Amino acid sequence: MRAVDENKQIPAAKGVFTWPSDNPQLIGGKCRECGAIFFPRYLPFHKPNCQGQTEEVLLSRRGKLESFTIQHYASPPPFIKPEPFVPYAVGLISLQEGISVAGMLTGMKTDDIQIGMELELIIEKMAEDQDGNEYLTWKFRPVSKQPHE
Amino acid sequence: MRQVAVIGVGAHPWGKFEDKTFLDLGVVAVRNALKDAGMEWTDIQALVSGLVVFGGNTGFNPGQTLAAVMGETGIPVTNIWNMCATATSAFRTAYNIVASGERDTCMAVGLDMSPRGFLPALGAPDDRQSEYLRWRMMGLSNPGYWAMECRKRMIKYGTTERHLAKAKVACSKHAVLNPAALYKKIYTEEEVMNSPAVCEPLRLYNICATRDGAAAAIICSMEKTKKFTGKPIKVAGVGLGSSLYGDPTLRLGYLSCPTEGTAPILSESYMSARMAYDLAGIGPEDIDFVEVPDNSSWHYLQYLETMGFCGPGEADRMLDEGQTMIGGKLPVCPSGGASSFGEAVAAQGLLQVAELVTQLRGEAGDRQVDNAKVGMAQTYGMLGNSAAVILNR
């Protein structure tokens with residue numbers, strides 16, 4: 001067995017976003033008949049009386065901030081608490097598909113968060129475990145910011 | 001449907017009771033309701049109990065277990081779960097059992113014990129469930145959902161942090177008049193606005209705590225109420241609602257919602273209230289006082305609009321003008337509400353019913369709403385649940 005000398009990156013849940021990808025997207029669902037769009041894929045919505053088939057749809061990577069909260073405490077498991085824990089923002093982002101999706105906000109100070117600001121989706125580390133495995137989730141960051149790496 | 005009445009109500013005090021079981025709490029509520037009605041356990045012809053989701057297998061079968069403690073009589077027992085709307089849903093089922101003529105008496109009971117702190121995730125990990133993913137992928141707590149809806153409201157209507165504080169202050173002023181309230185202290189707006197941030201814009205004193213408790217109500221056909229000494233209060237209407245397609249609320253436990261709604265926000269509560277009004281044959285203007293599920297200051301304000309007591313964005317003004325105080329146009333949460341009791345999830349709705357009965361009997365003491373003739377209560381639950389009840393004398 002070879003020693004693992006790099007942190008392993010693990011999506012904290014499977015089938016929720018496209019990964020690995022240079023342009024990751026959330027995996028939602030859409031009804032072929034009534035056009036209802038939803039996220040995640042396995043929580044279908046239909047207009048009343050529609051019995052259409054739903055299909056996978058990749059959601060827009062960009063949207064506008066509709067609302068947000070700054071959460072000041074760490075939720076219990078299955079959330080993986082980042083160390084050190086600092087208050088963090090979760091936002092509701094409206095997409096051109098006509099739905100809004102929830103996600104952590106990143107790449108800015110909480111004081112700089114503005115309603116209506118344009119955001120884009122990235123996949124980023126949420127926390128790591130004792131073995132150094134990095135757990136990834138989707139987050140939204142200001143469009144103007146470029147990756148630091 | 002025939003006319004029925006609530007003939008007895010009872011509760012176990014709200015609090016944290018680590019040396020007791022949920023059964024201990026439930027039995028106290030059952031016995032107090034029987035005493036209030038002037039009934040024996042053997043007078044109860046059917047039982048509807050809310051589930052206790054933190055109570056293991058017994059918690060999924062609490063009605064039969066309560067019956068064992070009270071003495072088994074072979075009556076029909078139904079156990080139900082509609083999230084935080086459970087107790088009011090149990091009340092509705094009990095109402096239907098008696099109003100339909102199936103039985104002459106039925107008891108509804110809600111009992112609850114939950115872990116300390118914010119309610120955690122339940123169930124096995126499942127990457128396909130939004131209710132799992134919201135915890136797993138962003139640690140989004142229940143107050144986090146309320147906070148995001150609250151901010152939408154602040155943007156849309158100009159609701160301020162001071163309005164949020166005022167809702168807490170209003171409830172606290174009622175709570176000090178209620179001997180049964182758990183938190184009996186009048187808060188100032190500054191205390192609320194300076195309390196620790198939990199999920200901004202909501203602060204600690206804008207959010208109700210989770211607590212343990214149990215409450216019960218006995219429904220009796222009107223013609224049989226004379227057999228018992230309890231003072232009957234008529235059930236005017238009950239409602240149970242689920243969500244409407246196109247509701248733009250980021251519903252608790254979900255991760256997406258329509259950006260522009262084609263239905264009212266909190267549509268499950270909109271629907272349960274309308275159903276109760278329809279069955280009662282009255283409207284919001286006929287309600288003398290209301291118990292709303294004030295899980296947060298945002299709920300307090302939003303429900304006044306959702307239940308039709310004022311137009312969109314007008315609840316702030318009702319609060320500013322003191323209309324929601326005892327003595328005002330529409331006293332809101334004369335009991336002190338969930339903000340002064342804490343929330344015992346599966347029992348809360350029946351605590352509200354007990355307050356309606358106490359007020360309508362004119363037995364509410366210092367917190368008595370003058371000339372209270374029609375009272376309404378509503379509880380909402382995550383994932384699209386709400387139940388409502390209107391009582392009159």
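**Helices, strands and domains of chains A and B**

H10(B) is followed by B:Gly308, whose phi is positive, near 90 degrees. The structure discussed here is a predicted model.

Q: How many of the ten residues of helix H10 (residues 297-306) of chain B are buried?
A: The buried residues of H10(B) include B:Trp298, B:His299, B:Tyr300 and B:Glu305. The helix is largely enclosed by the rest of the structure, because the buried residues of H10(B) number ten of the ten.

Q: Which elements are included in what covers the buried residues of H10(B)?
A: The cover of this helix in chain B draws on both helices and strands. Among the strands are E6 and strand E11 (374-381). The helices include helix H6 (142-157), helix H7 (161-175), helix H9 (267-280) and helix H11 (315-320).

Q: How far apart are the end C-alpha atoms of helix H4 (residues 86-99) of chain B?
A: H4(B) has 14 residues, and at 1.5 Å a residue these should span 20 Å. The model agrees with this expectation, since the end C-alpha atoms of H4(B) are 20 Å apart.

Q: Is H4(B) mostly covered or mostly uncovered, and how many of its 14 residues are buried?
A: H4(B) is followed by B:Gly101, which has a positive phi near 90 degrees. The helix itself is mostly covered, and its buried residues number 13 of 14.

Q: What is the radius of gyration of chain B?
A: The secondary structure of chain B comprises 13 helices and twelve strands, and its C-alpha trace spans about 55 × 50 × 40 Å along the principal axes. For 393 residues, a compact globule would have a radius of gyration near 21 Å. Chain B agrees with that value, with a radius of gyration of 20 Å.

Q: What percentage of the contacts in chain B between residues at least 6 apart in sequence join residues at least 24 apart?
A: Of the 393 residues of chain B, 61% count as buried. Among the contacts between residues at least 6 apart in sequence, the share that joins residues at least 24 apart is 76%.

Q: Which strand supplies the largest share of the side of domain 1 of chain B that touches domain 2 of chain B?
A: The domain assignment of chain B gives domain 1 (4-115 + 212-234) and domain 2 (130-208 + 235-392). The contact takes 37 residues from domain 1 of chain B and 34 residues from domain 2 of chain B. At least two residues of the domain 1 side come from each of strand E1 (4-15), H4, strand E4 (105-112), E7 and strand E8 (233-241) of chain B. The largest share, eight residues, comes from E1(B).

Q: Is B:Leu204 buried, partly exposed or exposed?
A: B:Leu204 lies in the loop between strand E6 (202-203) and strand E7 (212-221) of chain B. Leaving aside its neighbours within four places in sequence, B:Leu204 is in contact with B:Ser195, B:Pro196 and B:Val198. A residue is buried at 20 or more C-beta neighbours and exposed at 12 or fewer. B:Leu204 has 15 such neighbours inside 10 Å, so the residue counts as partly exposed.

Q: Which strands of the open sheet of chain A stand at the edges?
A: Three strands form this sheet in the order E3-E2-E4 (chain A), with antiparallel pairing. Each edge strand has a single partner strand, so one side of each is left without a neighbour in the sheet; the edge strands of chain A are strand E3 (37-38) and strand E4 (54-58).

Q: Which residue in E3(A) is the bridge partner of A:Lys30?
A: Strand E2 (residues 27-31) of chain A runs antiparallel to E3(A), and two bridges join them. In E3(A), the bridge partner of A:Lys30 is A:Ile37.

Q: How many nonpolar, polar and charged residues has the side of domain 1 of chain A that touches domain 2 of chain A?
A: Chain A, with zero helices and nine strands, is assigned domain 1 (14-59) and domain 2 (60-149). Ten residues of domain 1 of chain A are in contact with ten residues of domain 2 of chain A. By class, the domain 1 side has eight nonpolar, two polar and no charged residues.

Notes:
Residues numbered from 1 in each chain as written. Chains lettered and ligands numbered in written order. Predicted model: local features only at pLDDT ≥ 70, side-chain atom pairs only at ≥ 80, totals over all residues. Helix = DSSP H or I, 4+ residues; strand = E, 2+ residues; numbered from the N terminus. Expected span 1.5 Å × (residues − 1). Pairing = 2+ DSSP bridges. Rg over C-alpha atoms; globule rule 2.2 N^0.38 Å. Contact = placed C-beta atoms within 7 Å. Domains from an automatic or database assignment. Nonpolar A, V, L, I, M, F, W, Y, C, P; charged D, E, K, R; others polar.
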